[in-house]
Amino acid sequence: MESKSNPKNNFLSQEIFATESIWKLMAKMCVPAVLTILIMVLYNMADIYFIGQTGDSYKVTALSLCMPITTVLSALGSMVGTGASSCISIAMGRGDTSRVHAFSSFSFYFSLLVGAAYAIVIYIFMNPILNLLGTSPNTRDFAQSYLFFILLGAPLVMVNTCMGQVIRSEGAATQSMIGNTIGTIVNIILDPIFILTFGLGVPGAAIATVIGNACSTVFFIYYLLKKSQKMSILPKDFSFQRSLVFAILSIGLPSGISTLLNSLSSIFENNLLVEHGDQYVAALSVAGRATMIIGMLQMGIAMGVQPIVAYSYGAKKWDRMNETIKKTAGFTLVLGLILTVLCRIFSQQLVTAFIDDAQIIPLGVYVISISTLTGPLAGVYQLCTTFLQSTEKASYAIFVSVLRQGLVFIPALYIMNRLFGFDGIVWCQPAALICSLVLAFALAMRHYRQLRKKDAEDTAASSEFSENPACKKEITA
């Protein structure tokens, strides 16, 4: 690879965003992003899979109950990473190199600080948090030991999640994938060693996860210091300017809110499920792991096109943005349909792969049959959110994020549980997605029309100014 200082590389990279055919550019950006998501799926599945091999459903349940805490940590990293990635892509489209340096450096150090602060807060309030998560006497010790080791590596998890997204903004989707692959391979190798061979059980899963994240973080730091063409994590480029903080958090907040609400709704959901029995928590968790590939692959595609949309917005290349969004929407619909059919056909095998419990398997298969009903639509919802974030419409993006997992899902969860019990809980997710998608699409279309109208007005005003004889005379003078 050529040196960082080669200006030609900067030009060529921006030319790719501006002129490369959309399908080729989508392939360059989305394939590594989708592979990264697949790696993340394996990462998330590994702990549950190897803990499931111990044959202890209480350990599986304990890990499931801890997921909201680890998800919030990832959400914070994703929030900073998504915001910084969009800001960097927009700055690239506008040719503002100094802002690119400032955004990338800020995201690195800020994610470290937030990860450390999060770990301290969770550790201090560990006992009430475990109560809130819905742990029972059978699962509490397992959950506590898992969280203890995860918190030790919280800053690394945060940086890994954040910088994996940030480097994609300069087209380094392959390097992002490599970084995540390193961590996943390390985790998958260490999981059976720590959990089964050394007999560490649940703490072993946490230790393997932290070491995997540490390895990924080291790779990202190396890339940013030695290979990145445009970004910087040097202390001299770091500043805590209000404009940087506001820009990154306002754009990234929807992603953070969405994941935070997902974690919060999981806590509520688990608390309701515990009332039915620990086996229902395990069944929903196993089914969720088995089918998460549908939503996460579509999320990967949305992540892949995000820099393209943001760059096109910054450069005001509206036709290019239209083409990107239309082709992405069609592709996610087809991919979602194929994955949904496969998950439904092999539902029993998917559940059995995680846990071999005669009581849990039929429950898990039933959950898959319901939760996959809206599989093809998840990508369109992700794309609407990505568009709103990439075009700096934070208010709409935040509302859409709050809508699905907050305003719709949580109230429906309690109402449907009261009316239909476990069946009602299972039906909540597909119902919430359909309601949210309708509003998300309407808001995305409204914002797009507003953007085009403003651009047309600016163009007309500029044309009128340049054609005015008085203005021409003033400019000449």
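**Notebook: salt bridges, patch and fold of a predicted model**

I began with D237, which forms a salt bridge with K236; their closest N and O atoms are 3.5 Å apart. The model is a predicted one, and I keep that in mind for every entry below.

K236 comes out at 67%, so K236 counts as exposed; exposed starts over 50%.

How many salt bridges does the rule give? The count is two. The second one joins the side chains of K327 and E323, with N and O 2.6 Å apart. Both residues sit in helix α12, residues 318-345, and because they are four residues apart there, about one helical turn separates them. K327 has 21% relative accessibility and so counts as partly exposed. E323, with a relative accessible area of 32%, is partly exposed too.

I went to the loop between α11 (278-315) and α12, where K316 lies. Its phi is near 60°, which is a positive value in a residue other than glycine. I noted this because most residues other than glycine have a negative phi. K316 has a relative accessible area of 47%, so I list K316 as partly exposed.

Which residues make the nonpolar surface patch of about 730 Å²? They are I120, V121, Y123, I124, F125, F148 and L152. Two elements give two or more residues to this patch, α4 (97-124) and α6 (140-152). α4 gives the most, with four residues. I looked up Y123 in particular and found it in helix α4.

S64 is in helix α3, residues 57-93. Is S64 buried or exposed? With a relative accessible area of 5%, S64 is buried. I listed what S64 touches, leaving out residues up to four places away in sequence: I48, N270, V281 and S285. I also took the distance from S64 to Q349, which is 285 residues away along the chain; their C-alpha atoms are separated by 20 Å.

G295 is in helix α11 and, at 25% relative accessibility, counts as partly exposed. L439 is in helix α17, residues 422-467; at 39% relative accessibility, L439 counts as partly exposed. L439 and F198 are 241 residues apart in sequence, and their C-alpha atoms are 51 Å apart in space.

I counted elements next: the chain has 18 helices and zero strands. Along the principal axes, the C-alpha trace spans about 85 × 45 × 40 Å. I compared the radius of gyration with the globule rule. A compact globule of 477 residues would have a value near 23 Å, and the chain has 23 Å, so the two agree.

Of the 477 residues, 56% are buried. For contacts with a separation of 6 or more, 83% are between residues 24 or more positions apart. The chain exposes about 19900 Å², and carbon and sulfur atoms supply 66% of that area.

The average pLDDT of the chain is 82, and 93% of the residues score at least 70. Which element has the lowest mean pLDDT? That is helix α18, residues 469-476, with 51, while α6 has the highest mean, 94. α6 is also one of the elements that contribute to the nonpolar patch. I also looked at the start of the chain. Over residues 1-12 the pLDDT stays under 50, and the model has 17 contacts beyond four places in sequence for them.

Terms used
Residues are numbered from 1 along each chain as its sequence is written. This is a predicted model: local features need pLDDT of at least 70, side-chain atom pairs count only at pLDDT 80 or more; totals for chains, interfaces and linings use all residues. Side-chain values use heavy atoms; hydrogens and water are left out. Patches are made of residues with over 30% relative accessible area and no salt bridge: like charges are joined within 9 Å, nonpolar side chains (Val, Leu, Ile, Met, Phe, Trp, Tyr) within 5 Å. Accessible areas come from the Shrake-Rupley method with a 1.4 Å probe; for residues, only the protein chains shown count as cover. A salt bridge is a side-chain nitrogen of Lys or Arg within 4 Å of a carboxyl oxygen of Asp or Glu. The radius of gyration is taken over C-alpha atoms; the globule rule is 2.2 Å times the number of residues to the power 0.38. Buried means under 20% relative accessible area, exposed over 50%, partly exposed in between (1.4 Å probe, protein chains only). Contact means heavy atoms within 4.5 Å. pLDDT is the predictor's confidence in each residue, from 0 to 100.
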